[in-house]
Amino acid sequence: MELQMWKEILCPYDLAVDELILKFTHMREEYRKAGKYSPIEQIDGRVKSISSILDKMQRKKININEVETELEDIAGIRITCQFVEDIERVVAIIKDRSDMEVKSIKDYVTTAKDSGYRSYHMIIYYTVHTIYGEQKIQAEIQVRTLAMNFWATVEHSLQYKYKENIPEHISDKLMNAADALVVLDNEMSAVRDEIMDAQNSFRKKANLVSEILTTMQNLYKVANKHEVIKIQDEFYKIYQQGNLEQLMHFNKQLDIIAEGYRAQSLS
Ligand code: 0O2
C-alpha cells in the first residue's frame with residue numbers, strides 16, 4: 001500500500017488519540033481542581049507506527065483489507081494509576097461513559113501473563129468526526145499502576161532487543177521483579193489512605209493559594225494600595241504558619257472585601 005494511503009487510514013486514529021488524551025487529562029484536572037484525589041495519574045497515547053502495524057499483521061496473518069477490524073490497538077491510550085485500587089475506578093469511569101463503548105476486556109491484573117506482564121486492557125469503540133464524516137474506530141486503553149508500567153516499559157525494550165528470545169537468566173530476573181512489584185503495589189495500597197490524604201491537603205492548599213492570589217491581583221486594580229499591602233502581609237504570615245483552616249478563613253474574608261469593592265464599583 002502507498003504511504004499516502006496509510007496516512008489517510010491513520011488520520012482518524014490520530015484524532016482519536018488526541019481527543020482521548022485531552023478527555024482523560026481534563027478528567028484528572030477536574031478531580032484536582034475540586035480538591036479530590038484523581039485515580040488517573042498519567043496519560044500517554046500513540047498511534048501505532050506503520051512498521052509495527054506491518055509486523056503485527058505479519059505475526060497475526062492479518063490481511064490488509066481487515067487491518068482496521070482485526071488490529072484493535074492502532075490507537076493506544078495508556079492510563080497510569082498510583083494504586084491498584086485506582087485501576088477499577090478508572091475502568092468503571094470508562095464503562096460509564098456514553099462516548100466510549102467497551103468491546104472487550106483483558107484483565108492481566110488479576111491474572112498476569114506468563115511473561116509476568118500485568119495491566120488491564122480495554123478495547124473500546126470511539127467515534128471521531130473527520131472532514132469525510134463520522135468514523136467509528138477501535139482503540140485500546142491500557143490501565144496499570146506506576147509499578148506495572150515501570151516493569152512493562154523495561155521488559156518491552158528488552159523484547160525489542162531480543163525479539164521473542166529473551167535469554168533465560170534475564171527472563172528469570174524479570175519474573176522475580178514482577179513478583180516483587182506485586183508486593184510493592186500491595187504495600188503501597190496498605191498506606192493508600194494516608195498518601196491520598198496527604199496529596200489531597202497539598203492540592204487543596206495549592207488551589208486555595210492560587211484563588212487567594214487571583215483575588216489579591218484583582219484587588220490591586222481597585223483597592224487602596226496600603227490596604228492591599230496590609231492584606232498581603234497578613235497572607236504571608238498565615239501562609240508561613242501552614243494552617244489550612246486559617247488559610248480558608250483568610251480566603252473567605254478576602255472574598256468579602258473583594259465583594260465590597262465590586263458592590264462599590266457598581267453603585
Ligand atoms: P506495542 O509495541 O506495545 O504496540 P499478543 O497476541 O499477546 O501479541 P494482542 O492480542 O494484541 O497481543 O493483545 P494483548 O495481549 O492485550 O497485548 C496488547 C498490548 O499489550 C501489546 O501490544 C503490548 O503493548 C502489551 N503487552 C502484552 N503483553 C505484553 C508483555 O508481555 N510485555 C509487555 N511489555 N507488554 C505487553 P503490541 O502490539 O504487542 O506491542
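**View 1. Helix H1 (3-33) gives the most to the lining of the second largest pocket, with 4 residues.** The model is predicted: local features need pLDDT of at least 70 and side-chain atom pairs pLDDT 80 or more, while totals for chains, interfaces and linings use all residues. Residues are numbered from 1 along each chain as its sequence is written, and side-chain values use heavy atoms, without hydrogens or water. The second largest pocket has a volume of about 210 Å³. Its lining runs through Glu8, Ile9, Cys11 and Pro12, then Thr130, Ile131, Tyr132, Gly133, Glu134 and Gln135. Two elements each give two or more residues to this lining: H1 and E5. Helices (H or I, at least four residues) and strands (E, at least two) are DSSP runs, numbered from the N terminus. By class, the lining holds 5 nonpolar, 3 polar and 2 charged residues. (Charged: Asp, Glu, Lys, Arg; nonpolar: Ala, Val, Leu, Ile, Met, Phe, Trp, Tyr, Cys, Pro; polar: the others, Gly among them.)

**View 2. The largest pocket holds about 1,700 Å³ of space.** A pocket is an open set of points on a 1 Å grid over the protein atoms alone, with protein on both sides within 12 Å along at least five of seven lines; lining residues have an atom within 4 Å of a point. Points are joined across faces, edges and corners, and a volume is the space filled by probe spheres set on them. The largest pocket is lined by 39 residues. Lys48, Lys56, Arg59, His156 and Gln159 lie nearest its centre. Two or more lining residues come from each of H2, strand E3 (101-107), strand E4 (120-130), E5, H5 and helix H6 (168-190). H5 has the largest share, 6 residues. The lining divides into 11 nonpolar, 10 polar and 18 charged residues.

**View 3. The ligand sits in the largest pocket.** (To sit there, more than half of its atoms must lie within 2 Å of the pocket's grid points.) The shell around the ligand has 18 residues, each with a heavy atom within 4 Å of it. Lys48, Lys56, Lys60, Lys113 and Glu155 come nearest. Helix H2 (50-59), strand E5 (133-145) and helix H5 (146-162) each supply at least two shell residues. H5 gives the most, 4 residues. The shell counts 3 nonpolar, 5 polar and 10 charged residues.

**View 4. Asp73, Lys106 and Ser115 each place a polar side-chain atom by an oxygen atom of the ligand.** (A polar contact here is a pair of N or O atoms within 3.5 Å.) For Asp73, the distance is 3.3 Å. For Lys106, the distance is 3.0 Å. In Ser115, a side-chain N or O atom is 2.8 Å from a ligand oxygen. The protein covers 77% of the 710 Å² of accessible area that the ligand has on its own (Shrake-Rupley method, 1.4 Å probe).

**View 5. The largest cavity has a volume of about 50 Å³.** In a cavity, a 1.4 Å probe fits but cannot get out. A search of the whole structure finds 2 cavities of 30 Å³ or more. The largest one is lined by Arg32, Lys36, Tyr37, Ser38, Glu41, Gln82, Gln199, Asn200 and Arg203. Helix H7 (residues 192-222) has the largest share of this lining, 3 residues. By class, the lining has 1 nonpolar, 4 polar and 4 charged residues.

Definitions and conventions. A polar contact is a pair of N or O atoms within 3.5 Å; within protein, one must be able to donate a hydrogen and the other to accept it, and residues adjacent in sequence count only if both atoms are side-chain atoms.
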